[in-house]
Each structure stands twice: as structure tokens, then as C-alpha cells.
Amino acid sequence: MSLSANSVPGLTALTALTAPARANLGHVLDHLGTTLLEVAAGDPTLPVAEEGVGGVVIHDPIDVPVLPPRALVLGVGVHEPDDVLALLTQTAGAGGAGLVVRAPAPVDQRITAVAERTGTVLLALTRGASWHQLATLVRSLLGEGRVGAAEPESLGGVPAGDLFALANAIAALIDAPVTIEDRSSRILAFSGRQDEADESRIQTILGRQVPDRFTRGLEAQGVFRRLYGSDRPVWLSPDVLSMPEVTVSRVAIAVRAGDEILGTIWAAVDAPLSPACEQSLVDSAKLVALHLLRMRAGADVERRLASELVATALEGGPGTVDALRRLGLAGRPLLVLAMGLTEDRDGAGTLTLARREADRQRSADALAVHLSALHPGSVVAVVGGVCYAVLPVSADAATADERAAAVATEFLQRTGGRVAGMIGVGTVAPDVSALVRSRDSADRALRVLRSGTSSRRVARAADVHVESLMLQLADLAAAEGHRTAGPVARLAAYDEAHRTQLVETLRAWLDAHGDAIAAAAQVHVHPNTFRYRLRRIRELGGIDLDDADSRFAAMVELRLPHR
């Protein structure tokens with residue numbers, strides 16, 4: 001099934017009014033300017049402001065993040081004129097596109113001069129609006145995460161997935177402000193002219209979610225049942241809705257693909273729609289359905305493409321440079337995280353392959369959301385059963401891996417039991433040639449965590465260097481066919497045959513640095529009994545406990561993973 005602009009009355013003429021979304025400040029202000037943002041200083045129409053915005057970054061005064069090119073910085077908590085001036089100057093110096101502070105913005109001559117001289121625009125976020133929702137909305141407008149995207153496909157004269165442009169087109173068709181919502185009444189996009197609606201619409205836009213009390217009221221009135229049971233628009237007067245904040249009537253229609261309800265379109269209107277406008281809304285719902293289906297399919301395609309590009313980049317072959325360029329990571333210091341799920345270590349046999357893959361993908365999506373604010377430009381993909389994240393970092397290797405480990409720890413703490421994972425942190429790769437080493441070190445750290453020899457959930461390669469070497473030594477011994485036959489192996493065989501605890505005794509004595517009394521307390525036996533066991537260890541194992549090399553050999557043998 002295809003739907004062209006000609007099949008939706010009026011959309012052909014509206015194509016010029018709804019130009020393809022462009023990742024610049026002008027595009028952001030066109031959609032959010034009347035509702036969330038206003039220009040406080042600078043000119044967003046200047047050529048430098050028309051350049052693409054590279055990402056959204058939340059300002060942290062304690063730990064300054066690495067800014068991608070043309071970043072839009074969210075100055076949370078920054079309001080004093082001197083602080084705004086300093087952050088605006090810093091943002092401009094890093095090539096940032098703009099700075100957002102809470103309204104009213106404290107604009108003075110110094111701030112205006114910096115904005116005009118550098119082209120970095122100062123914006124003000126309206127009071128009552130959430131910083132989180134602003135970041136989410138701007139990222140959706142900028143299309144962050146589109147890996148290696150070419151020119152967007154057009155559906156009905158509107159770029160595929162650009163629901164904001166589509167909402168504006170529908171609003172022009174029926175001459176009313178419009179929202180597009182999903183099945184959970186979350187706002188996917190909204191048109192301009194929202195100031196023509198009522199208080200309930202403003203609250204919905206600011207929260208990007210229909211408030212629960214409104215949703216409960218709609219359910220009690222049977223509104224959703226009527227919507228989902230019809231393929232025509234449903235008109236609702238304020239009296240029917242019975243909510244004091246609703247003073248303007250609504251026209252709504254379900255967006256469906258066959259029997260599946262994908263979402264709804266809501267318009268704030270003064271009177272029932274004319275037959276022509278009603279038909280336009282019906283046709284528009286079909287076009288919205290195509291966009292939503294295209295976005296769903298596009299997300300799967302992007303995941304596969306991201307996985308292929310990340311895999312190519314981490315292999316270190318001739319395609320690495322091109323893969324990093326398409327991922328937007330070329331020419332930047334990078335660091336690799338490797339995340340594995342606990343189930344992959346402890347209970348793989350109890351989960352189906354499909355279930356494990358779904359769990360990995362959900363965990364990867366959660367990690368991508370977490371990193372988007374802390375490391376803008378990061379790419380996350382599942383490759384070979386492992387979730388890899390490639391992070392742009394500062395060139396300071398001494399602190400970059402520590403910061404990455406802290407970010408990984410915070411992610412696992414915030415997700416709680418929802419992501420039962422372990423994360424290995426690689427070394428910093430200052431250039432393309434070192435990226436493979438970063439991936440290898442992250443893999444080694446993750447392997448140690450999976451082996452169960454460490455109780456931690458996040459580890460840098462340097463943190464588990466010895467444990468990693470022991471695993472590699474065990475691999476080498478297994479590859480060469482060596483069988484353990486040293487003193488510890490002889491003691492273990494004797495323990496198994498006679499139900500003794502000589503290996504446990506030896507381990508306790510070595511861990512206590514030869515203190516027999518402390519070691520005896522550790523294994524809960526009398527010191528005399530412990531000394532008797534030590535004599536048996538010397539006799540049966542042939543170990544000279546007074547010799548440093550013999551003690552070291554026994555310690556290595558005790559710590560070698562058994563296969």
C-alpha cells in the first residue's frame with residue numbers, strides 16, 4: 001500500500017509549508033519556539049546558526065562534558081548574569097550552536113555582544129517546562145541516532161518520521177492546533193498554534209504526556225472505546241469531557257494499521273469539522289499510520305546498520321575509518337564499553353535464545369539513553385552477543401576511563417534489577433589504530449566479571465589485570481593440552497579420595513601470609529590441627545613452604561580457573 005501527497009486533499013499545496021526537517025536551530029525554533037523556547041540573544045537566522053546542530057548536552061559545572069561539534073547546551077541551574085556569560089563564552093569557544101537557560105534569561109550588553117560576535121544563540125526555556133522533556137523533544141527533532149542516514153524518504157510530501165512537520169501539515173489542513181499521541185497518550189509530536197488551545201493542552205505539551213487525571217476522565221467517559229471502535233473522527237465538547245481545564249472542544253481520530261491501534265490525533269477546535277476537513281483528518285490518519293510504521297521499521301534497520309558499522313569499526317580492518325565516519329566518531333578519542341548480562345553467565349540454559357536477544361537489545365537501548373546525555377555522540381550496538389558502546393571522550397587517558405567506569409556504575413545502579421548486567425571498560429583509543437586495543441581490553445575485563453572471580457559489576461582493564469592474565473594462562477594451558485599435575489593437583493586428588501581439606505588449608509595459610517593461627521581461625525580449626533595439616537601438605541604435595549618459588553607456584557596453581 002502506498003499513499004502519495006495527491007491522495008490526501010490539500011497536502012500537495014502544503015508541501016511548501018512543511019519543508020523537510022533540518023537539524024539546525026531554525027528547525028527547532030519553528031516547532032518549539034511558541035511553546036517552549038524563545039530567543040534571548042543572538043540571531044538564529046544567521047548562516048552560522050543555520051549549520052546543523054550536532055547534539056544536546058546537559059551542562060555539568062563539576063565534570064565538564066566533551067561537546068560534539070555545534071552542540072546545544074542545556075544550562076540547568078545557570079541563571080546569574082556572570083554565570084550565563086561564562087557558559088555562553090565557553091560554549092561559543094567550543095563551537096556550540098546555542099545555550100538554553102531558564103526564562104527569564106538575564107541578558108545584558110556583554111551577553112548580547114558574545115552572542116552576536118560568535119553566532120552562538122542564547123535561548124530561554126519557559127517556566128514549568130521540564131529540562132528532560134526539552135532534551136527529548138530536541139533530540140527527536142534533530143534525528144539523533146540516525147546512523148549513516150541518507151536523504152530521508154518522503155511520505156505524502158513529508159520526510160518519513162518527521163511527525164512534527166506532519167502535525168503542522170494536518171493543523172493547516174483543518175485550521176486547528178494538533179497533537180499526535182501514542183497508545184499510552186504520550187505526545188509524539190505537536191503542531192504550532194498551541195496557544196489557541198486551553199490549559200489542559202498546555203499541561204500536556206509541557207509534560208509531553210496527557211496528565212493521568214485527564215486520561216482517567218477520558219476512560220470513564222468511554223472516549224477511547226468510541227475512538228478505537230470507529231474509523232471516523234469523534235467530536236467531544238467540553239461538557240462531555242467534564243474537566244475544568246478543558247474549555248475548547250476536541251476532535252480526535254484513531255491511527256490504525258489494520259486491526260492494530262498505533263495512536264491518536266487530537267485537534268482543539270471551536271466547532272465540529274466540515275465534511276471536507278473531516279475527510280482530510282481521516283486521510284491524514286492513514287498517512288500518520290504510514291509514518292509510524294516506517295519509524296518502527298526504521299528503528300530495526302538502524303539497529304542492524306549500527307551493529308554492522310560498530311562491528312566493522314571494532315575489527316580494525318580497512319573499513320574502520322569509513323565506519324567511524326558514518327557513525328559520527330571519526331577523528332575523536334574513543335573508548336569502548338562491553339556489557340554482558342548476568343544470565344549469559346549464570347542461567348543461559350534457562351532462557352530461550354530469543355529471550356536472551358530481546359533482553360540484550362532492551363539493555364542496549366537503556367544504555368544508549370543513559371549515554372546520550374553524558375556522552376553525546378555515543379553509539380551502542382549488540383555485536384556477537386555483547387552490547388558494545390563506543391564513547392567519544394577527552395584525550396586525557398588518566399581520567400577518561402575513570403569517568404567512563406563511573407558512568408557505567410551509575411547506569412547499573414539507576415536501572416536496578418531491570419538490567420542485570422556487567423560492564424568492562426576499555427582503554428582510551430587516541431586514534432583509529434588503538435580502537436581494537438580498547439575493545440580487547442573491555443572484552444578482557446568483561447570476561448573476568450563473567451567468570452565469577454570478582455564480585456564487582458563494573459571493571460576497568462587495569463582493575464582486573466592479574467585475573468585476566470590468569471584466564472589467558474588457563475587458555476594457553478588448555479590449547480597446548482597441558483593437564484594440571486602440580487602439588488595442588490596432588491592435594492586435590494587426595495582430598496577427593498579421603499574427604500580431607502588440605503587444599504583449603506593451603507589456601508588459607510597462603511592468604512594469611514604464613515600466619516598459622518590466623519589461618520586456623522579462618523577455616524575454624526584448632527591451631528594444632530592446622531599445623532598437622534601443614535605437615536601433611538609438605539609430605540603429600542611435596543611442597544617446600546619455606547621456599548618463595550614453591551609458594552608462588554602453589555598460589556598460581558590455586559588461582560588457575562579449573563576447566
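Which side chain of opposite charge is nearest to Glu-181, and how many Å away is it? In this predicted model, local features need pLDDT of at least 70 and side-chain atom pairs count only at pLDDT 80 or more, while totals for chains, interfaces and linings use all residues. Residues are numbered from 1 along each chain as its sequence is written, and side-chain values use heavy atoms, with hydrogens and water left out.

**Glu-181**

- Glu-181 belongs to strand 8 (residues 178–182); strands (E, at least two residues) and helices (H or I, at least four) are DSSP runs numbered from the N terminus.
- The nearest side chain of opposite charge is that of Arg-201, 5.7 Å away; Lys and Arg count as positive and Asp and Glu as negative, with His and the chain ends not counted.
- Glu-181 is buried yet has no salt bridge; buried means under 20% relative accessible area, with a 1.4 Å probe and protein chains only, and a salt bridge is a side-chain nitrogen of Lys or Arg within 4 Å of a carboxyl oxygen of Asp or Glu.
- Leaving aside neighbours within four places in sequence, Glu-181 is in contact with residues including Arg-186, Val-210 and Trp-266; contact means heavy atoms within 4.5 Å.

- Five strands form an open sheet of mixed pairing, in the order 14-15-13-16-17; two strands pair if DSSP finds at least two bridges between them.
- Strand 14 (379–383) and strand 17 (458–460) each have a single partner strand, so one side of each is left without a neighbour in the sheet.
- Strand 13 (residues 334–341) and strand 16 (residues 421–429) pair in the antiparallel sense over seven bridges, and Leu-335 has Val-428 in strand 16 as its bridge partner.

**Pro-392 in strand 15**

- Pro-392 lies in strand 15 and is buried, with a relative accessible area of 2%.
- Although Pro-392 and Val-336 are 56 residues apart along the chain, their C-alpha atoms are separated by 9.1 Å.
- Not counting residues up to four places away in sequence, Pro-392 touches several residues, among them Leu-329, His-375 and Ser-378.

**Strand 3 and its partners**

- In strand 3 (residues 71–74), Ala-71 and Val-73 on one side and Leu-72 and Leu-74 on the other are all buried, and both faces are covered.
- Strand 2 (residues 55–58) runs parallel to strand 3 and is joined to it by four bridges; Ile-58 has Leu-74 as its bridge partner.
- Strand 4 (residues 98–102) also runs parallel to strand 3, with three bridges, and Leu-99 in strand 4 stands opposite Val-73.

Definitions and conventions
Buried < 20%, exposed > 50% of the residue type's maximum accessible area, 1.4 Å probe, protein only.
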